[in-house]
Amino acid sequence: MSPRSKMFPIVSIKPVTGEAGAMVLRRVYNAAMGPDEKVSAEAQKAWWEDIVLLSPGVEQTDAYVIWSEAGEGPEAIGYGLIVTGAEREHSRVSGAIVPECRGHGWGRALFSFLAAAAPARPWLSVRRDNLTAFNLYLKLGYVVVDAEEDTWIMEKYMWRGSAQ
Ligand SMILES: CC(C)(COP(=O)(O)OP(=O)(O)OC[C@H]1O[C@@H](n2cnc3c(N)ncnc32)[C@H](O)[C@@H]1OP(=O)(O)O)[C@@H](O)C(=O)NCCC(=O)NCCS
């Protein structure tokens, strides 16, 4: 690692394309979300079609992987999804960073990027006990607009469009 990259760790956020991209996305999704949320290899195709491509009512899904280039080669350290409904009024954003890479500002970078890239007003759901994510979303300008059983629904306040 060069002295410069120690001071400014190099990360990039790239759109997922093609089957190879889908495999990376599944791998990093499994690593970031933990055992309860894992997608099996057999379920990969259905997962890609249902979640990442178009499921009913969804007009557009944009998938991203966040890469660290601080190590020996590029390493996928997180993912982000933007799912936009057919009415194009809201875009649901979600994402995660692999556990060993959390706490370095990359989650903030990822969710800032997702809000800026969303084609419509971003919203998300977060479990009430997930205070790390909840605090992050508050700092990024999300406000609670609704509640479900164990989940807050949050929407980005003061969102002026993806060209903001
Ligand atoms: C939520 C998540 C994406 C944050 O990523 P991260 O890289 O660890 O976060 P960052 O280092 O960018 O920190 C951003 C903010 O998160 C909060 N945060 C980070 N680590 C924290 C901790 N250990 N305790 C409390 N808050 C914390 C802080 O508010 C921090 O704000 P700051 O930048 O002003 O210090 C990451 O923890 C994650 O992937 N969690 C599991 C999956 C998940 O919860 N996804 C969201 C589902 S809704």
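User: Before we start, what counts as a helix here, and how are helices numbered?
Analyst: A helix is a DSSP run of H or I with at least four residues, and numbering goes from the N terminus. One caution: this model is predicted.

User: Good. What follows helix 2?
Analyst: Gly34 comes after helix 2, and its phi is positive, near 85 degrees.

User: How many residues does helix 2 have, and how far does it reach?
Analyst: Helix 2 has 16 residues. Its first and last C-alpha atoms are 22 Å apart, close to the 22 Å expected at 1.5 Å a residue.

User: Which residues are buried in helix 2?
Analyst: Leu25, Arg26, Val28, Tyr29 and Ala32 are buried there.

User: Do the overall layout for me. How many helices and strands are in the protein chain?
Analyst: The protein chain has five helices and seven strands. From the N terminus on, the order is α-β-α-α-β-β-β-α-β-α-β-β. The chain has 164 residues, and 25% of them count as buried.

User: What share of the contacts joins residues at least 24 apart?
Analyst: It is 59%, taken among contacts between residues at least 6 apart in sequence.

User: On to the core. Which residues touch the most other members of the largest nonpolar core?
Analyst: Leu25, Val28, Ala32, Val65, Tyr79, Ile97 and Leu114 do, in a core of 30 residues. At least two core residues come from each of helix 2, strand 2 (58–68), strand 3 (75–85), strand 4, helix 4 and strand 7.

User: Which element gives the largest share?
Analyst: Strand 3, with five residues.

User: Why would nonpolar side chains sit together at all?
Analyst: In soluble globular proteins, nonpolar side chains tend to be buried together.

User: Take Ile97. What is it in contact with, leaving aside neighbours within four places in sequence?
Analyst: Ile97 is in contact with Ala32, Ile77, Gly78, Arg102, Trp106, Gly107 and Leu110.

User: Now helix 4. Which residues are buried there?
Analyst: Gly107, Leu110, Phe111, Leu114 and Ala115 are buried in helix 4. Looking down the axis of helix 4, these buried residues fall within an arc of 130 degrees, so they line one face.

User: What spacing points residues the same way on an α-helix?
Analyst: Three or four places, because an α-helix has 3.6 residues a turn.

User: And what span should helix 4 have?
Analyst: Its twelve residues should span 16 Å at 1.5 Å a residue. The end C-alpha atoms of helix 4 are 16 Å apart, which agrees.

User: Last one: where is Gly161, and is it buried or exposed?
Analyst: Gly161 lies in the segment after strand 7 (151–156). Gly161 is exposed, with 9 other C-beta atoms within 10 Å. The C-alpha atoms of Gly161 and Ala117 are separated by 9.2 Å, though the two residues are 44 residues apart along the chain.

Definitions and conventions: Residues are numbered from 1 along each chain as its sequence is written. This is a predicted model: local features need pLDDT of at least 70, side-chain atom pairs count only at pLDDT 80 or more; totals for chains, interfaces and linings use all residues. A residue is buried if 20 or more other C-beta atoms lie within 10 Å of its own, exposed if 12 or fewer, and partly exposed in between; C-beta atoms are placed from the backbone. A nonpolar core is a set of buried Ala, Val, Leu, Ile, Met, Phe, Trp, Tyr and Cys residues joined through C-beta atoms within 7 Å. Two residues are in contact if their C-beta atoms, placed from the backbone, lie within 7 Å. The expected span of a helix is 1.5 Å times one less than its number of residues. The arc is that of the directions from the helix axis to the C-beta atoms.
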